[in-house]
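Here's a quick tour of a protein model, one topic at a time. Keep the 3D view open and click along as you read.

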Amino acid sequence: MVLDMLRTQAQTRRRAIRSTTANACGLYPAVGAAGMDPRGVVIGREAYSGKAYIFDPFILYDPKARVRLPSGHVLVLGKSGHGKSALEKTYVLRQLRFRDRSFCVLDAQGEDGTGEWDGIARELGITPIRLVYGDTAARDGVRINPLDPRIPQEHQFKALLSMMEILSGGPLASTTRFALAEAHRMAVATARAQQRVVVLSDVLDALTAPRQARLGQQRVGPDELTEWGRPAALALDELCNPERELAGLFDGPTSEGIDLDARLIVFDLTRLPREGEAMPLLMAVIGPWIRFGWIKPGDTVKRTLIVEEAWHILSHRPVARLFEELVRYGRRLGLSFWAVLHHLADLSLEEAPEAAAILKLTATRVLYHLDRDEAEVTADYLGLTAWARKALPDGANICAPGRAIWQVGSRINLVEHIRTATEIRLTDTNRRMTEKAHEFTHTDVLIPMNPRAAGR
C-alpha cells in the first residue's frame with residue numbers, strides 16, 4: 001500500500017502554465033514595476049524586482065517608446081558620498097560605446113587642482129580644458145572668448161550683457177545697455193576691418209572712446225555715450241585689466257587646441273573659486289559657446305551636457321536666462337541636459353523664474369539620500385509619492401549609498417546602481433578617506449575614443 005502511494009517526480013510534476021507578461025503582472029503584482037524600454041544602457045537593477053534597469057533619455061523621447069518622456073533633461077540630486085558622481089561617470093562610459101553619442105562635462109568638483117573627471121579623461125586619451133583664474137601667464141590654462149566668431153553676433157551681445165549684469169550686481173540701466181550695444185557693434189566693425197577676431201578689449205575701447213550714435217531721430221554725442229556706458233566700462237575693466245583678479249579668463253582670442261569635435265569634452269573648473277564672479281561669468285560664456293560651437297545643426301549626434309554644481313547656473317538669473325533658452329530648445333538641438341545638485345533648499349526658486357523653468361523641464365529626476373527637512377522640501381516641489389518621501393531620509397537602508405529613487409515621467413522606481421571593477425576604479429571619489437587604497441582587478445576594457453567606435 002505504501003509503495004502504491006509513492007510516485008516518481010515525472011508522475012507528480014504539474015503542467016506549466018503559459019501566460020503573457022501583461023497577465024503575469026496582474027497575477028503577481030508584488031514582483032515590481034514594469035520596465036520602461038529594453039533599449040539603452042543598463043544602470044543597475046530595480047531593487048524590488050531584481051530586473052535590469054535600463055535608461056536612455058533619447059530612446060524614451062521616441063513616440064514608440066513604452067514610456068514617452070516630454071524631454072531628455074535630467075536632475076540628479078542628493079547628499080555627497082551617495083553615488084551621484086559614480087552614476088554620471090558610468091553612464092557616460094557606457095553611452096560612449098554607441099557611435100552617435102557625444103558628451104560635454106562642466107567639472108567643478110575635484111582636489112589638488114584637477115577635477116573628478118581627470119582620471120577618466122586620461123584613460124580615454126583626452127586632455128581636459130582647464131580654466132585658470134587670475135593668471136594671464138598660466139601655461140596649462142586656456143581662454144574662452146565670449147565674442148568668438150563661432151557665436152552669432154546677437155548671442156555674443158546676450159552673453160556680454162549677462163556678464164556685465166553679474167559684475168554690476170544687477171540689471172543694467174537702459175542707457176547703459178544702449179551704450180554697450182553701440183560699443184559692441186563698433187568693436188565688431190573695427191575687428192572685421194583689421195581682419196582679426198573681436199575681443200573684450202575692443203568693446204572696452206569703444207565704450208571709453210565712443211563715436212556719435214543715433215537713438216531714433218536723436219543724435220547721442222560721444223560725451224553722453226561715455227557717461228551712459230561708464231558702469232559697463234568699469235565692469236569690463238575687471239576682465240581686461242591685467243592687474244585685476246579676473247584677468248586671463250576671457251580677454252583675447254579663444255585658446256588653440258580646444259577640440260569641440262571630441263566625443264567627450266571636459267571643462268575643468270576646479271581652479272576657479274566657488275564664491276565670487278568667476279564661476280557664474282564662465283557659465284554665462286560657456287552656454288552660448290557650447291550651443292554654437294559644440295552642437296552641430298543637421299547631424300544625427302545625440303549630445304549630453306552634464307553640469308556639476310549646477311547651482312552656479314540656477315542661482316544667477318543672467319546665467320539661468322541663457323541656459324533656459326539652451327534647455328528649452330533641447331529637443332530641436334538633440335540635447336540632454338543633466339543638472340547635478342546637492343539640494344534645493346538654498347535656491348530661491350520663487351525669485352528666479354528661469355531656474356524654476358529649467359528644473360521643471362527635467363523629465364527624469366534621480367534622487368539620492370537627503371536629510372529629512374530637505375527631503376520634505378524636495379518631495380513637495382517634485383510631487384513625489386508618499387513612499388518616496390519616506391524613503392529619501394533613510395540613508396542606511398532604502399536609500400543607502402548606490403541606491404536612488406528614479407522618477408522617470410510618471411514612473412518611480414528604487415534603483416541600485418551596479419559598477420564593474422574598472423568603473424569602480426575610475427569613479428571612486430572616496431579613496432582619500434579610506435585607510436588604504438583598494439586594488440581592483442581589470443575585468444573589462446574601455447572603448448577607445450575614436451570616430452570609428454562600434455555602433456549600437
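Keep in mind that the model is predicted. Arg-291 is buried, with a relative accessible area of 18%, which puts it under the 20% cut-off for that label. Setting aside neighbours within four places in sequence, Arg-291 is in contact with His-155, Glu-325, Leu-326 and Leu-333.

**Helix 7 and helix 12**

- Two packed helices are described by the angle between their axes and the distance between the axes.
- For helix 7 and helix 12, the angle is about 170° and the axes are 9 Å apart.
- That makes helix 7 roughly antiparallel to helix 12, because an angle over 145 degrees counts that way.
- On the helix 7 side, the residues that meet helix 12 are His-155, Ala-159, Ser-162, Met-163, Ile-166 and Leu-167.
- On the helix 12 side, look for Pro-280, Leu-281, Ala-284, Val-285, Pro-288, Arg-291 and Phe-292.
- Sorted by class, this contact has 10 nonpolar, two polar and one charged residues.

**Helix 7 and helix 14**

- Helix 7 also packs with helix 14, at an angle of about 155° and with the axes 8 Å apart.
- Helix 7 is therefore roughly antiparallel to helix 14.
- Helix 7 brings His-155, Lys-158, Ala-159, Ser-162, Glu-165 and Ile-166 to this contact, while helix 14 brings Pro-318, Val-319, Arg-321, Leu-322 and Glu-325.
- How do the residues of the contact of helix 7 with helix 14 divide? There are five nonpolar, two polar and four charged ones.

**Salt bridges**

- Side chains of opposite charge can pair when their charged atoms come close.
- The count for this model comes to 25 salt bridges.
- Glu-165 forms one of them with Arg-321, and the closest N and O atoms are 2.8 Å apart.
- Glu-165 belongs to helix 7 and Arg-321 to helix 14, so this pair ties together parts that are 156 residues apart in sequence.
- Buried or partly exposed? Glu-165 is buried, at 9% relative accessibility, whereas Arg-321 is partly exposed, with a relative accessible area of 35%.
- The side chains of Glu-423 and Arg-94 also meet in a salt bridge, at 2.7 Å from N to O.
- Because Glu-423 lies in helix 19 (residues 421-427) and Arg-94 in helix 5 (residues 84-95), this pair ties together parts that are 329 residues apart in sequence.
- Glu-423 is buried, with a relative accessible area of 6%, and Arg-94 is buried too, at 16%.
- Another salt bridge joins the side chains of Arg-303 and Asp-299, at 2.8 Å from N to O.
- Arg-303 is buried, with a relative accessible area of 5%, but Asp-299 is partly exposed, at 33%.
- Asp-118, Arg-122, Arg-130 and Asp-268 make up one network, joined by salt bridges that share partners.

**Nonpolar cores**

- In soluble globular proteins, nonpolar side chains tend to be buried together.
- The largest nonpolar core has 101 residues, and the members that touch the most others are Leu-106, Leu-131, Met-164, Leu-180, Leu-239, Phe-267 and Leu-305.
- Helix 12 (residues 278-294) gives the most to this core, with 11 residues.
- There is also a second, separate core of 37 residues, which includes Val-41, Phe-55, Leu-69 and Trp-338.
- What does Leu-305 touch? Not counting residues up to four places away in sequence, its contacts are Cys-104, Leu-106, Ile-290, Trp-294, Phe-323, Leu-326, Leu-335, Ser-336, Phe-337 and Trp-338.

**Helix 16**

- Helix 16 (residues 353-360) is mostly covered, with six of its eight residues buried.
- Which ones? The buried residues are Glu-354, Ala-355, Ala-356, Ala-357, Ile-358 and Leu-359.
- Among the elements that these buried residues pack against are helix 14 (317-328), strand 12 (335-341) and helix 17 (372-382).

**Asp-56**

- Find Asp-56 in the loop between strand 2 (52-55) and helix 4 (57-61).
- Asp-56 is buried, with a relative accessible area of 0%.
- Asp-37 is 19 residues away along the chain, and the C-alpha atoms of Asp-56 and Asp-37 are separated by 8.7 Å.

Key. Residues are numbered from 1 along each chain as its sequence is written. This is a predicted model: local features need pLDDT of at least 70, side-chain atom pairs count only at pLDDT 80 or more; totals for chains, interfaces and linings use all residues. Side-chain values use heavy atoms; hydrogens and water are left out. Buried means under 20% relative accessible area, exposed over 50%, partly exposed in between (1.4 Å probe, protein chains only). Helices (H or I, at least four residues) and strands (E, at least two) are DSSP runs, numbered from the N terminus. Contact means heavy atoms within 4.5 Å. A nonpolar core is a set of buried Ala, Val, Leu, Ile, Met, Phe, Trp, Tyr and Cys residues joined through side-chain atoms within 4.5 Å. A salt bridge is a side-chain nitrogen of Lys or Arg within 4 Å of a carboxyl oxygen of Asp or Glu. Axes are lines fitted to C-alpha atoms, for helices over the stretch in contact, and angles run from 0 to 180 degrees between N-to-C directions. Angles under 35 degrees count as roughly parallel, over 145 as roughly antiparallel, 65 to 115 as roughly perpendicular and the rest as oblique. Ala, Val, Leu, Ile, Met, Phe, Trp, Tyr, Cys and Pro count as nonpolar, Asp, Glu, Lys and Arg as charged, and the others, Gly among them, as polar.
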